Amino acid sequence: MRDRFLSTVTTVAITAAAIGAVVAVLGTQTSAQGPATLKTAWGEPDLQGIWTVEYDTPFQRSPRFANQEFFTEEQRAEFDRVRSQNRGRDERGARGSELDVAGAYNDEFGAMKRTGKRTSAVIDPPNGRIPPMTPEAQKIAATDRELRLALMQATQTCKQGLPGCAGGKFDPTPTTRRSEQPARYNTARMNRHDGPEDGALADRCLTIGLPEFGAGNGGGSFRRIVQTPGGIAMYYDVGQGQGWQRSVVMDGSPHLPSHIRQWFGDSRGRWEGNTLVIDVTNFSPKADYRGSRESLHLIERWTRTGPTTLEYVATIEDASVWTRPWAVTQEFTRQNEQENRIYYEPRCVEGNFGHPAVMRASRLEDQAFAEGRGPDPLTKDNASGGANFDPLQQ
């Protein structure tokens, strides 16, 4: 498996280098107002390179800014000042408390980007907020949340009213619902380890997939775009080794039959002027984006806006989850090809080594409790951690 993966990565890297060597530097002017368009040797708009988002932007707009689409320069400077003083995960709670010991990474492992221009990545609706969920989606979310809170009820997290128990209440008697299965395939961490699928996708070295808007710990995510005549490949370096790649079919063929489902969906692309438009359907019911699963439909628009800038706009639709479609934008900056020329295979130790160890430890805890040598495992919080204060979202 490792050899096949490395072979694939090597092939992508070689292809990228070969294509990059023949890409035309500048194309023709597309309009009197627009910039000169970069073209490939075969005449398509050139989107190739390694790209990342270099600024922090709130995903949804804070009510503080109402219909203000962009921050002023003074506001950005103030946010940078306040955020630079935020201790984040370095903030410790009372000795021995959940906040004292929860969380795997302190700020030594993170990074703080400067505040971006936009007050939200959401650009439609105009208020910068995700549309309301449908009644049915709200019901599903509430049912799921109810089970998760029940599994947490006897923990110190609920006793102290910490964010991980928001909406729940403390009960010193552990729930009788430990063996109950969630209504849908589990993708998030819950307070038990009775089977591998009780863990979050990241715990199992599985990425959440599309749409992808950046990972935690301040690291964000990177994309490498490679074009060939008639094909486009995108490699995503996300989070802590959950890298993955997608292929965009550009031959005009229809989507796969509806019974064929893929983790990252089925991507069918076309050019509209200088914009790559990708229609993505056929998602797996085991992937989840804010409650949307197999009915998720994306329309992505990738547009080269300058020599080092790339605009991304995604329209997100699922009539079973949201009351209307909505859209998000990101602006990517091209990264240095020489400094980033070496890419190592993602090493996700959480799923390969850590998760099996967690499962083994859980069985030992169950055994100790059954023999009267330890506490009920449901009195321990294995599902949540301390919440960080983000002034951009307030």
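Two residues are in contact when heavy atoms of theirs lie within 4.5 Å, and by this criterion 60% of the contacts in the chain between residues at least 6 apart in sequence join residues at least 24 apart.

**Figure 1. Overview of the predicted model, a chain of 394 residues**. The chain has six helices and twelve strands, and 41% of its residues count as buried. Its accessible surface comes to about 21000 Å², with 53% of that area belonging to carbon and sulfur atoms.

**Figure 2. Close-up of helix H2, residues 73-84**. The twelve residues of H2 reach 17 Å from the first C-alpha to the last, which is close to the 16 Å expected at 1.5 Å a residue. Arg-76, Phe-79, Asp-80 and Arg-83 are buried in this helix; seen down the axis of H2, its buried residues fall within an arc of 100°, and they therefore line one face of the helix. An α-helix has 3.6 residues a turn, so residues three or four places apart point the same way. The cover over the buried residues of H2 includes strand S2 (55-56) and strand S3 (114-115). Two of these buried residues, Asp-80 and Arg-83, also belong to a network of salt bridges that links them with Asp-56 and Arg-114.

**Figure 3. The largest nonpolar core, with 36 residues**. Phe-59, Trp-302, Ile-316 and Trp-326 are the residues with the most contacts inside this core. The elements that give two or more residues to the core are strands S6 (231-238), S7 (244-249), S9 (275-281), S10 (297-306), S11 (309-317) and S12 (326-334). A second, separate core has five residues, among them Met-152, Cys-158, Cys-165 and Ala-383. In soluble globular proteins, nonpolar side chains tend to be buried together.

**Figure 4. Salt bridge between Asp-366 and Arg-178**. The closest N and O atoms of this pair are 3.0 Å apart. The pair links distant parts of the chain, since Asp-366 lies in helix H6 (residues 349-370) and Arg-178 in the loop between helix H5 (156-159) and strand S5 (221-228), 188 residues apart. The structure holds 27 salt bridges.

**Figure 5. Two further salt bridges, Arg-293 with Asp-288 and Arg-334 with Glu-337.** The side chains of Arg-293 and Asp-288 meet at 2.9 Å, N to O; Arg-293 is buried, with a relative accessible area of 9%, and Asp-288 is buried as well, at 18%. For Arg-334 and Glu-337 the N to O distance is 3.5 Å; here Arg-334 is partly exposed, with a relative accessible area of 31%, and Glu-337 is partly exposed at 26%.

Methods
Residues are numbered from 1 along each chain as its sequence is written. This is a predicted model: local features need pLDDT of at least 70, side-chain atom pairs count only at pLDDT 80 or more; totals for chains, interfaces and linings use all residues. Side-chain values use heavy atoms; hydrogens and water are left out. Helices (H or I, at least four residues) and strands (E, at least two) are DSSP runs, numbered from the N terminus. Buried means under 20% relative accessible area, exposed over 50%, partly exposed in between (1.4 Å probe, protein chains only). Accessible areas come from the Shrake-Rupley method with a 1.4 Å probe; for residues, only the protein chains shown count as cover. The expected span of a helix is 1.5 Å times one less than its number of residues. The arc is that of the directions from the helix axis to the C-beta atoms. A nonpolar core is a set of buried Ala, Val, Leu, Ile, Met, Phe, Trp, Tyr and Cys residues joined through side-chain atoms within 4.5 Å. A salt bridge is a side-chain nitrogen of Lys or Arg within 4 Å of a carboxyl oxygen of Asp or Glu.
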